[in-house]
Amino acid sequence: MEEAINVSLVRCGENPLKRSEMAGTVLTASLIEEKLISVVEQKLVADEAKGLHLAATHPDHGQVTYLQEVTEGGFFVYVGEPDALEEHWFGTGTWVAFNDDAGSGHASKVGPEGCTRTFRMLRGHLS
């Protein structure tokens with residue numbers, strides 16, 4: 001039996017404003033491979049921050065999920081109401097996916113030690 005990968009999922013909420021929210025899902029390596037469009041290793045500078053932004057629809061592939069596996073360091077993700085964002089930490093060994101392509105989006109900030117991650121783009125949205 002294939003090993004399950006627990007993934008935190010940033011998605012659009014069910015509310016009319018589609019505020020980002022944190023959920024969970026489980027993936028397998030074979031499902032990731034089946035949906036994979038591209039993969040790249042990224043090294044992010046300590047304390048680099050991005051304000052509210054979306055996991056945008058891809059011009060060629062339509063709806064996509066941005067799946068990130070943290071291999072060193074980590075980063076914070078902020079979801080929810082823009083004036084009361086909830087902070088979530090993702091450190092070494094964690095997986096987080098983004099498919100919030102509507103609403104106000106999410107924010108992020110690299111941790112004080114920087115972050116190295118494997119960034120994968122997958123076809124479609126995870127549920």
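Q: In this predicted model, is Arg 19 buried or exposed?
A: The cut-off for buried is under 20% relative accessible area. Arg 19 has a relative accessible area of 17%. That value falls under the cut-off, so Arg 19 is buried.

Q: Which residue forms a salt bridge with Arg 19?
A: The closest N and O atoms of the pair are 3.2 Å apart. A salt bridge needs these atoms within 4 Å. The partner of Arg 19 is Glu 81.

Q: How many residues apart are Glu 81 and Arg 19?
A: Glu 81 sits in the loop between strand 5 (64-79) and strand 6 (86-91). Arg 19 sits in the loop between strand 1 and strand 2. The pair links distant parts of the chain, and the separation is 62 residues.

Q: What is the N to O distance in the salt bridge of Glu 21 and Arg 11?
A: Glu 21 belongs to strand 2 (residues 20-27) and Arg 11 to strand 1 (residues 5-12). Glu 21 is partly exposed at 25%, and Arg 11 is partly exposed at 33%. Their side chains meet with an N to O distance of 2.7 Å.

Q: Which strand holds Glu 69, the salt-bridge partner of Arg 120?
A: The side chains of Arg 120 and Glu 69 meet at 3.3 Å, N to O. Arg 120 lies in strand 8 (residues 106-123), and the pair ties together parts 51 residues apart in sequence. Glu 69 lies in strand 5.

Q: Is Arg 120 buried or exposed?
A: Its relative accessibility is 16%. Buried means under 20%. Arg 120 therefore counts as buried.

Notes: Residues numbered from 1 in each chain as written. Predicted model: local features only at pLDDT ≥ 70, side-chain atom pairs only at ≥ 80, totals over all residues. Heavy atoms only, no water. Helix = DSSP H or I, 4+ residues; strand = E, 2+ residues; numbered from the N terminus. Buried < 20%, exposed > 50% of the residue type's maximum accessible area, 1.4 Å probe, protein only.
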